[in-house]
Amino acid sequence: MVAATQPLAAQAGRDMLARGGNAVDAAIATAAALTVVEPTSNGIGGDAFALVWIRDDSGQSKLHGLNASGVAPAALTREAVTGEGHKEMPLYGWTPVTVPGAPSAWAALSQRFGRLDFAELLAPAIQLAREGFPVSPVISELWQRAEARFRPVFTQASTRAWFDTFTPGGRAPQPGELFTSEAHARTLESLAQTQCESFYRGELAESIDAFSRETGGYLRASDLAAHQAEWVEPISTNYRGVDVWEIPPNGQGLVALMGLNIMSGYNDLHGRDDVSVLPRQCEAMKLAYTDGHRFIAHAEHMRTPVSTLLSHEYAATRRRLIGERAIDPVPGEPQAGGTVYPPTADGEGNMVSFIQSNYHGFGSGVVVPETGIALHNRGHGFTLDPDHDNTLAPGKKPFHTIIPGFLTRNGEALGPFGVMGGFMQPQGHMQVVMNLLDFGLNPQAALDAPRWQWMGGRRIGIEHGYPAHLVREMAERGHDMELAFDLTGFGRGQIIIRDPASGVLCGGTEPRADSAIAVL
């Protein structure tokens, strides 16, 4: 099974399974295809993370973590950024561009766990880029929004190529309109032939370096050459008898686990529509996020251990702050982002929770000419506060929003899950897990259910599908409720759950996107 926000990408992964590939092969093929058919959320110039449940030759299975996020370039110092007049990290242009890690994730996964030839995995994406694909409705809408937002701000030499690449006819594509990108196809061919080495130590690295130097960027070929995807030990908490797994910092998966730890102390949750549930969820997430923004950074720069933040004793101290009235902690400002999450599962029990992103939609706006490579703006996640653990420094990874999730019970895999969307992601993780484990919803119902989103201070965004009596109750408790009819900011999720006894797979896919589940 392959679940993705775009049917053609899901089909690319399913085709790898049909050719004898495993879940890892399917994940790579799907991810590569998504860079073509959903450029509004991800690209070759983004980052990626993965949780991989894989069976070894002895028949034993284990969960592996992969952090393929990149670091700040050697020339990107806090002093250089503040010297440009910035008081916080900018969103667009070269300054927020860190070393992209997505290609390194594809290569690392294939080399360690893949079964098919690497070039075969990228073939569907190459074909889609060269021959074209019909742009799906939600992606078209996001594409048009991006163009309208970029027209007045992308005036520098570094960002003008965005229009040449993504609006070749002078506008964003309409739903159903065919879109082709020969430059993207050639870049994917280079990655296929070199197992992504050309991106870090070859012709593509040279093109990126040259364009950076020409247009005032910080990224250099030496920064790309130094990059390596990192295998890490996943972190977890036990919630209602199920182990919930995330990638450790610099990712924000820790926020989801801290929120679940706070909620685990409540044993009187009688259903999603119970008036006590939603206020507690929102307050727990406020507290978890406040801590996340304060303490999460590149792991070696964190002064507060993950074990401390994940302790149930600490969760109890935070839970005691939740009462009848809305609290007002000192947080960052949560905002939407652009990400894709294509989980996969094969018939042998292997499963992959994979996520990749350009961060804010198309990313930084910097597109390397004649390559189709849109570079992400992940460096926007740094702070310029010199006393903060997450302050900008060369060779350092920023606070990262993209987080793959995974569920196990008693050492057996239940499966991958994820909710995309910037700072919505841990909020979506907590809601989906509670939908599955507290309220007994199946994967599709867990994703169909309306969502809420903490937006800073006492502001709570809530989808229009929530019962009116709950919204009124929240307002009476002091929350500033904002009813939303545009659902694109509430995350987009995918779930695959495997019955350990029968091996039957149950999938759920996002109703807020052009989603599909492909089954072999």
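A: A residue is called buried if its relative accessible area is under 20%, exposed if it is over 50%, and partly exposed in between (1.4 Å probe, protein chains only). The model is predicted: local features need pLDDT of at least 70 and side-chain atom pairs count only at pLDDT 80 or more, while totals for chains, interfaces and linings use all residues. Residues are numbered from 1 along each chain as its sequence is written, and side-chain values use heavy atoms, with hydrogens and water left out.

We begin with the charged contacts. The whole structure contains 26 salt bridges, each being a side-chain nitrogen of Lys or Arg within 4 Å of a carboxyl oxygen of Asp or Glu. One of them joins the side chains of Arg-145 and Glu-141, with a distance of 2.5 Å from N to O. Both residues belong to helix H6 (residues 137-150), and because they are four residues apart, about one helical turn separates them. Helices (H or I, at least four residues) and strands (E, at least two) are DSSP runs, numbered from the N terminus. Arg-145 is partly exposed, at 31% relative accessibility, and Glu-141 is partly exposed at 37%.

A second salt bridge connects Glu-182 with Arg-186, whose closest N and O atoms are 3.9 Å apart. These two residues are also four residues apart, about one turn of the helix, and both lie in helix H8 (residues 182-194). Glu-182 counts as partly exposed at 36% relative accessibility, and the relative accessible area of Arg-186, 36%, makes that residue partly exposed. Both take part in a network of salt bridges that links Arg-130, Glu-182, Arg-186, Glu-189 and Glu-370.

The aromatic contacts come next. In general, a pair of aromatic rings is described by the distance of the centres and the angle of the planes. Rings of Phe, Tyr and Trp (its six-membered ring) pair if their centres lie within 6.5 Å; planes under 30 degrees apart count as stacked, over 60 as edge-to-face and the rest as tilted. The count by this rule is 22 aromatic pairs. Among them is the edge-to-face pair of Phe-113 and Trp-231, with 5.6 Å from centre to centre and 85° between the planes. Phe-113 lies in helix H4 (residues 102-113) and Trp-231 in strand S6 (residues 230-232), so distant parts of the chain, 118 residues apart, are linked by this pair. Phe-113 is buried, at 13% relative accessibility, while Trp-231 is partly exposed, at 29%.

Another pair brings us back to helix H6. The ring centres of Phe-150 and Phe-362 are 6.3 Å apart and the planes stand at 75°, so the pair is edge-to-face. Phe-150 is in helix H6 and Phe-362 in the loop between strand S11 (351-359) and strand S12 (367-368), so parts 212 residues apart in sequence are tied together. Phe-150 is buried, at 0% relative accessibility, and Phe-362 is buried with a relative accessible area of 2%. Both belong to a cluster of ring pairs whose other members include Tyr-92, Phe-133, Trp-143 and Phe-154.

Finally, we turn to the strand. All seven residues of strand S19 (residues 492-498) are buried, so the strand is largely enclosed by the rest of the structure. In a regular strand, side chains alternate between the two faces of the sheet. In S19, Arg-492, Gln-494, Ile-496 and Arg-498 point one way, and Gly-493, Ile-495 and Ile-497 point the other way.

Two strands pair if DSSP finds at least two bridges between them. Strand S15 (residues 412-420) runs antiparallel to S19 and is joined to it by four bridges, and Phe-417 stands opposite Ile-495 in S19. Strand S20 (residues 505-509) also runs antiparallel to S19, with five bridges between the two, and here Gln-494 stands opposite Thr-509 in S20. S19 and S20 form a hairpin with six residues between the strands, in which Gly-503 takes a positive phi near 80°.
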